[in-house]
Amino acid sequence: MSKVIGEGTQPLICTPLVGRNQEIVLAELANVLEKKPDIIEWRADFFEGIANTDEVVTLANKIKGIAGDLPIIFTIRSTREGGQTIPLSDREAIELNAAICTNTSVEYVDCELSNLPEHFQQLCKAARENSTKVIASFHNFNCTPSKESLEQKFKQAEQYGADVAKVAVMPKTLEDVLTLLSVTLEAKNKLKIPVISMSMGGLGAVTRLFGGVFGSTVSFAVGQSSSAPGQVPIEDLNTVFYIVKKSMGM
């Protein structure tokens, strides 16, 4: 049975696919599946064929077919939020996301809150019409914004009609890490949608291990290749989650 973000007592483990072409992506998928993640994220901004919608849709369907019950997150990360340079405008990226909703059985699409509101709503409409869920995301690879700013990002995700709210930031101090965890706990208690959060890099690695205690519903782990700084190997995450669950009676 397919797992759903926000259900269950511990975070789901998501591993990224970052291959440049179909052969590499599918080889990466085979390697990752052996490690038994809960979710697969296809970072399509790494894919050299991203400008060809039919090629992207075909590969998305192959990934989903091989993954079976494992949910898939389709993500085009923009350069402004840490992604790869791609030959698509923001509008074209939204249209590609909408094509994934319409022509595949992929469960989740990621849409950055930095998109124009009308583009975000365009994707939400396509997603609703095809029973796809939208993850509204915000990333800052330079710093950790203020507590008030992060609170607003979580609220904005819900206000925009997203199904999941995601915030990822870069800490410069341990206080930044505490800010992220505090905001996560507050968002978990106030929002009606599941939240995902992480503090990146070495300082923030603790949030990938123990973020679930504060309400984060997904932790991104290294299956074969990392897609963000500070990601922990999936085997290590499984060990930590088991210990936390046993110790806290979760």
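Student: Why does lysine 36 count as exposed?

Tutor: This is a predicted model, in which local features need pLDDT of at least 70 and side-chain atom pairs count only at pLDDT 80 or more, whereas totals for chains, interfaces and linings use all residues. Residues are numbered from 1 along each chain as its sequence is written, and side-chain values use heavy atoms, with hydrogens and water left out. A residue is called buried under 20% relative accessible area, exposed over 50%, and partly exposed in between, with a 1.4 Å probe and protein chains only. Lysine 36 has 66% relative accessibility, so it counts as exposed. Lysine 36 lies in the loop between helix 1 (22-33) and strand 2, where helices (H or I, at least four residues) and strands (E, at least two) are DSSP runs, numbered from the N terminus.

Student: What sets the phi of lysine 36 apart, although it is not a glycine?

Tutor: Lysine 36 has a positive phi of about 60 degrees. Serine 131 is likewise not a glycine and has a positive phi of about 60 degrees. Serine 131 is placed in the loop between helix 4 and strand 5, and because its relative accessible area is 69%, serine 131 is exposed.

Student: Why is glycine 82 called partly exposed?

Tutor: The relative accessible area of glycine 82 is 35%, and therefore it is partly exposed. Glycine 82 sits in the loop between strand 3 and helix 3 (90-103).

Student: How do you know that strand 6 is largely enclosed by the rest of the structure?

Tutor: Six of the six residues of strand 6 (residues 164-169) are buried, and therefore the strand is largely enclosed by the rest of the structure. In a regular strand the side chains alternate between the two faces of the sheet.

Student: What makes strand 5 and strand 6 a pair?

Tutor: Two strands pair if DSSP finds at least two bridges between them. Strand 5 (residues 133-140) and strand 6 have six bridges, in the parallel sense, and they therefore meet the requirement of at least two. The chain passes from strand 5 through helix 5 (residues 147-159) to strand 6 in a β-α-β crossover that is right-handed, a word used if, with the strands pointing away from the viewer, the path from the first strand over the helix to the second runs clockwise.

Student: How many bridges join strand 6 and strand 7?

Tutor: Strand 6 and strand 7 (residues 195-199) pair over five bridges, also in the parallel sense. The chain goes from strand 6 through helix 6 (residues 174-190) to strand 7, and this β-α-β crossover is right-handed.

Student: In what order do the strands of the open sheet stand, and which strands are at its edges?

Tutor: Nine strands form the open sheet in the order 7-6-5-4-3-2-1-8-9, with parallel pairing. Strand 7 and strand 9 (232-233) each have a single partner strand, so they stand at the edges, and one side of each is left without a neighbour in the sheet.

Student: Why are tryptophan 42 and phenylalanine 74 called an edge-to-face aromatic pair?

Tutor: Rings of Phe, Tyr and Trp (its six-membered ring) pair if their centres lie within 6.5 Å, and planes under 30 degrees apart count as stacked, over 60 as edge-to-face and the rest as tilted. Tryptophan 42 and phenylalanine 74 are 5.6 Å apart centre to centre, with 70 degrees between the planes, and the pair is edge-to-face. Tryptophan 42 lies in strand 2 (residues 39-43) and phenylalanine 74 in strand 3 (residues 72-75), so the pair ties together parts that are 32 residues apart in sequence. Tryptophan 42 and phenylalanine 74 are both buried.

Student: What makes phenylalanine 120 and tyrosine 160 an edge-to-face pair?

Tutor: Their rings are 5.1 Å apart centre to centre and their planes are 65 degrees apart, and the pair is edge-to-face. Phenylalanine 120 lies in helix 4 (residues 117-129) and tyrosine 160 in the loop between helix 5 and strand 6, so the pair ties together parts that are 40 residues apart in sequence. Phenylalanine 120 is at 0% relative accessibility and therefore counts as buried, while tyrosine 160, with a relative accessible area of 18%, is buried.
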